Amino acid sequence: MALLEVRDLRVTLQTSRGAHDALRAVSFDLERGHTLGLIGESGCGKSITALALMGLLPDGARVAGSIRFDGRELTTLDEPTLCTLRGHRIGMVFQEPMTALNPLHTVGRQIAEPLRLHKGLSRSAARAEALRLLERVQLPQAAQRLSAYPHQLSGGQRQRVVIAIALACGPDLLVADEPTTALDVTIQREVLDLIKELVREDGMGLLLISHNLAVMADTVERLLVMYGGTVVESGPTAAVFQRLAHPYTRGLFAARPRLGLPRGTRLSTIPGRVPALADMPPGCPFADRCDRVIDACRAAPPPAVAVGALHEARCLRICE
Amino acid sequence: MTAPLLRVDALTKRYRLPRHSLLQPAPEVLALAGVSFTLHAGKSLGVVGESGSGKSTLARLVMALEAPSSGQVLLDGVDLQTLDAAALRQTRTKLQMVFQDPFSSLDPRRTVLQTVAEPLAVLRGAGKAEQRERAAEALAAVGLAAADLQKYPHEFSGGQRQRIAIARALITRPRLIVADEPVSALDVSVQAQVLNLMQDLQDQFGVTYLFISHDLAVVDLVCDEVIVLHQGLVVEQGHPDQLFSRPQHPYTQRLLAAVPGQNPAFRNALEHPA
């Protein structure tokens, strides 16, 4: 049994234009000690997937399908029970460390909070553990930093504190939503290396959410490419990049500026834009922007087609 | 060689920090510590560096939004700091700026027409008819329709909003556009559209870009020359091909080493693109 089993997850959100599906039939597994990436652009459903896992969807959202975490169905759990999982068995790291931290509380207190709450540690024991955690995330001068406030730290240092909080209770699953997007490249490298190392040492499952293909290539073993609320391609990271089976994956890949392109090279683009939830077509969500589209694409959502070992794409016109 | 459009000479900027104690002098931070470069008309100069390197301070000084502590910014040989208010206003028609986040750089309560035409109204006192005509031209140049003039920013996607911000910068027919992280808030596929557009506009109108970015690949693509800023100093300067393939300064080397996506599977895929 996998640590996390998501089956046919469907999330319906209330929008100003009525109720519409933000996720349609998303399925994946994540084992302990493994790393999985969700990649896609704004509005593809990657953050909604993370919020659904943690029971943090906006009011009025409806969830269908199944999310099993360590054998337990999460979609039907009540809020008090979810609270005992969040920050305890499931750790979270968000994009913007300044908004994830409380500016009025010291770093030490914020790291100690989940330990006091979930583990019932005493004040002094929690503080000692907080110090150990700060050392583990390699924050320099950890002992002095315990009594620092978030504004006294740099962006990279804050993100280390957020990671320390996420790891405090020794979670089985770490969900990191764009953890390095707000950071400089050199700091990004340090934080990603740290996350990888911690996941390896503790045998956690890592669900990494990012829009950055290169970050994914460096960090995760398995990749799900999302578009319009569906997983359009999934497979081992190296195989996905080698094959680029779905036209969207291929388009995303080709649109990246990359070092070494001659000055003035025109980047290939994907015409049009991501449709709004209310305008999502009945067939393939990418049909209106795809240069390989045929009539059948618009009729019904394409089925998943195997293109390699544990590698599939939802496309009728898979790229050779 | 013709005279440069922009010359920045030994530019420094100090900011005073809050005092720790009444009895001690206020501490200062040196945001720019003597930066010099020249930029010729129709070319693009990239400025790369990390948070706190002085990139955005440099942008504000070039735009004459702030005064330098010492040193000069010369546009067409004229020191912007020597101009009086009226002359500076006149000169500002040659200088425009595009900001990082098109969600906060457009006023949500103003129509696209009001936003795009504002520089004309403010800097030149243009009449309504001229404003509308020129705004429609500017929108056409960035690939939007004249019908969009009556709409509000929330009706557009991020990429379209950045096009509107670029149209607003173009409307005065500027010589120099300072673009501070113009694509870093955009999705990858949209980023490519905006980068292509900025290059087209340069070919078409001969605009000059001071292009500030933390993304080395973006700068490599659109710039003729690059300066690497670190703690307020230019640590390396050169042609992007050479600078990125054979970086000399340890800081540039560190920046390049941190660029993600250097593992073999990803690099091989890069070498055999679709």
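Colleague: How many bridges join strand β7 of chain B to strand β8 of chain B, and do they run parallel or antiparallel?

Modeller: This is a predicted model, where local features need pLDDT of at least 70, side-chain atom pairs count only at pLDDT 80 or more, and totals for chains, interfaces and linings use all residues. Residues are numbered from 1 along each chain as its sequence is written, and chains are lettered from A and ligands numbered from 1 in the order in which they are written. Strands are DSSP runs (E, at least two residues), as are helices (H or I, at least four), numbered from the N terminus, and two strands pair if DSSP finds at least two bridges between them. Here, five bridges join β7 (residues 176-180) to β8 (residues 208-213) in chain B, and the two run parallel. Take B:V178: its bridge partner in β8(B) is B:L210.

Colleague: In what order do the strands of that sheet in chain B stand?

Modeller: Read across, the order is β6-β7-β8-β3-β9-β10, an open sheet of six strands with mixed pairing. At the edges you find β6 (95-98) and β10 (233-238) of chain B, each with a single partner strand, so one side of each has no neighbour in the sheet. From one strand to the next, the twist averages 20°.

Colleague: At what angle do helices α4 and α5 of chain A pack?

Modeller: Axes are lines fitted to C-alpha atoms, for helices over the stretch in contact, and angles run from 0 to 180 degrees between N-to-C directions. For α4 (residues 107-119) and α5 (residues 123-136) of chain A, the angle is about 115°, with the axes 9 Å apart. Residues are in contact if their C-beta atoms, placed from the backbone, lie within 7 Å. Among those making this contact are A:I111 and A:L115 of α4(A), and A:A130 and A:L133 of α5(A). The contact residues divide into seven nonpolar, one polar and three charged (Ala, Val, Leu, Ile, Met, Phe, Trp, Tyr, Cys and Pro count as nonpolar, Asp, Glu, Lys and Arg as charged, the others, Gly among them, as polar).

Colleague: And how many residues of chain A are in contact with chain B?

Modeller: 39 residues of chain A, against 34 of chain B. Helices α8 (185-202), α9 (213-219), α10 (237-243) and α11 (247-255) of chain A each supply at least two residues of chain A's side. That side has 17 nonpolar, 12 polar and 10 charged residues.

Colleague: What does the model score?

Modeller: The scores are ipTM 0.82 and pTM 0.88.

Definitions and conventions: Two residues are in contact if their C-beta atoms, placed from the backbone, lie within 7 Å.
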